[in-house]
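Visitor: I would like to learn how to read a structure like this one. Could you walk me through it?

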Amino acid sequence: MRPALIILPLLALTACATPREQCISDANRDVYVLRNLISEARGNLARGYALAESTDVRTLTKTCRGRNKDDETFTYPCNETETFTTTRPVSIDLNAEQTKLNQLERRLTQAETNSDRMVAQCIAIHPE
């Protein structure tokens, strides 16, 4: 899963959150992202391959309707663009993926420590 897809719902939620909630959400953002990356790496290792998403565009020819100056209805060919996403398997270096997972887990430990400290600061700055 892409980090941007994780952060977008968080940003939407913070739009109507209190300053304290926004601060805590910001403090936990790295932890959320790292946990999702770890989950993805574990899935890749379990499967033995990664999943890559690609976005493609196709043009569909359709029949559209219109009205002329005399208020008569007529049909004409028109194009509609459609975007779709496909997922396909991609080979990976399992040793490199394991190394990446180990690094992410170490970074998660550091991020959780930093997050705990930052959350405490948020609570001190924004008491309810």
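This is a predicted model: local features need pLDDT of at least 70, side-chain atom pairs count only at pLDDT 80 or more; totals for chains, interfaces and linings use all residues.

Visitor: How many bridges join strand E1 to strand E2?

Guide: Helices (H or I, at least four residues) and strands (E, at least two) are DSSP runs, numbered from the N terminus. Two strands pair if DSSP finds at least two bridges between them. Here E1 (residues 50-67) and E2 (residues 73-90) run antiparallel and are joined by 18 bridges. Gly-66, for instance, has Phe-74 in E2 as its bridge partner. The hairpin has 5 residues between the strands, and Asp-71 there takes a positive phi near 65 degrees.

Visitor: Now the cysteines. How many disulfides does a search of the whole structure find?

Guide: A disulfide is a covalent bond between the sulfur atoms of two cysteines. In a model we call one when a pair of cysteine sulfur atoms lies within 2.5 Å. The search finds 2 disulfides. Counting bonded cysteines along the chain, their pattern is 1-4, 2-3.

Visitor: Which cysteine pairs with Cys-23?

Guide: Cys-23 bonds to Cys-122, with the sulfur atoms 1.9 Å apart. This pair links distant parts of the chain, 99 residues apart: Cys-23 is in helix H2 (residues 19-47) and Cys-122 in helix H3 (residues 94-125). The S-S torsion is about -75 degrees, so this disulfide is left-handed.

Visitor: And what does Cys-64 join?

Guide: Cys-64 is joined to Cys-78, S to S 1.7 Å. Cys-64 lies in E1 and Cys-78 in E2, so the bond ties together parts that are 14 residues apart in sequence. Its torsion is about 65 degrees, so this one is right-handed.

Visitor: Are these cysteines buried or exposed?

Guide: Buried means under 20% relative accessible area, exposed over 50%, and partly exposed in between (1.4 Å probe, protein chains only). Cys-23 and Cys-122 are both buried. Cys-78 is buried at 14%, whereas Cys-64 is partly exposed at 22%.

Visitor: Finally, what is Val-31 in contact with?

Guide: Contact means heavy atoms within 4.5 Å. Val-31 is found in H2 and is buried, with a relative accessible area of 5%. Leaving aside neighbours within four places in sequence, Val-31 contacts Leu-108, Ala-111, Glu-112 and Ser-115. Val-31 and Ala-111 are 80 residues apart in sequence, yet 5.9 Å apart in space, C-alpha to C-alpha.

Key: Residues are numbered from 1 along each chain as its sequence is written. Side-chain values use heavy atoms; hydrogens and water are left out.
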